Amino acid sequence: MNKTYLGEFEELMLTMVGILKEEAYGNAIVKEVQDQLDRSLNLSAVHVTLYRLEDKGLVKSFMGGATQERGGRRKRYFELTSAGISVLQSLQEQRLKLWKMLPELKIAGI
């Protein structure tokens, strides 16, 4: 099986697409990361990374409808592909395996 390796920012973007589901678009991702992680992001970096994840087959995008509030412009939404879901599941398993190996940081239930 061909392994897909992701950088920290790619993993964060992939995770946010999964969390936001049908509301996963650039500005929503920036806002959610700010709200949840108190981390500022550059919108351009988010878009470049989302397009890179799309090139890797981990997300797919589609255009939403035009809205008056956006001056007739359409939003590009992103969603996980089955490969993206598989990569996230693998990443979660890997992280949990490593966390279990740190006895001083063990959290009950993991």
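Mentor: Start just past H1. There, Lys 21 has a positive phi of about 50 degrees. Keep in mind that this is a predicted model.

Trainee: How many residues does H1 have, and how far does it reach?

Mentor: Compare the span with the expected one. H1 has 13 residues and covers 18 Å from first C-alpha to last, close to the 18 Å expected at 1.5 Å a residue.

Trainee: At what angle do H1 and H3 pack?

Mentor: Read the angle and the axis distance together. H1 and H3 pack at about 85 degrees, and their axes are 10 Å apart. That makes the two helices roughly perpendicular, because angles of 65 to 115 degrees count as such. On the H1 side, the contact is made by Phe 9, Glu 10, Met 13, Leu 14 and Val 17. H3 brings Ala 45, Val 46, Thr 49, Leu 50, Arg 52 and Leu 53.

Trainee: Which residues have the most contacts inside the largest nonpolar core?

Mentor: First the general idea. Nonpolar side chains tend to be buried together in soluble globular proteins. Here the largest nonpolar core has 24 residues, and Met 13, Ile 29 and Val 46 have the most contacts inside it. Helices H1, H2, H3 and H4 and strand E2 each give two or more residues to this core. H1 gives the most, with seven.

Trainee: What does Val 46 touch?

Mentor: Leave out residues up to four places away in sequence. Val 46 then touches Phe 9, Met 13, Gly 26, Ile 29, Val 30 and Leu 41.

Trainee: Which side chains do polar contacts join to that of Ser 61?

Mentor: Glu 54 is one, at 2.8 Å. Arg 76 is another, at 2.9 Å. Beyond four places in sequence, Ser 61 touches both of these residues as well as Tyr 77 and Phe 78.

How values were computed:
Residues numbered from 1 in each chain as written. Predicted model: local features only at pLDDT ≥ 70, side-chain atom pairs only at ≥ 80, totals over all residues. Heavy atoms only, no water. Core = buried A, V, L, I, M, F, W, Y, C linked by side-chain atoms within 4.5 Å. Buried < 20%, exposed > 50% of the residue type's maximum accessible area, 1.4 Å probe, protein only. Helix = DSSP H or I, 4+ residues; strand = E, 2+ residues; numbered from the N terminus. Contact = heavy atoms within 4.5 Å. Expected span 1.5 Å × (residues − 1). Polar contact = N/O pair within 3.5 Å; in protein donor to acceptor, adjacent residues only side chain to side chain. Axes fitted to C-alpha atoms, helices over the stretch in contact; angles between N-to-C directions. Parallel < 35°, antiparallel > 145°, perpendicular 65-115°, else oblique.
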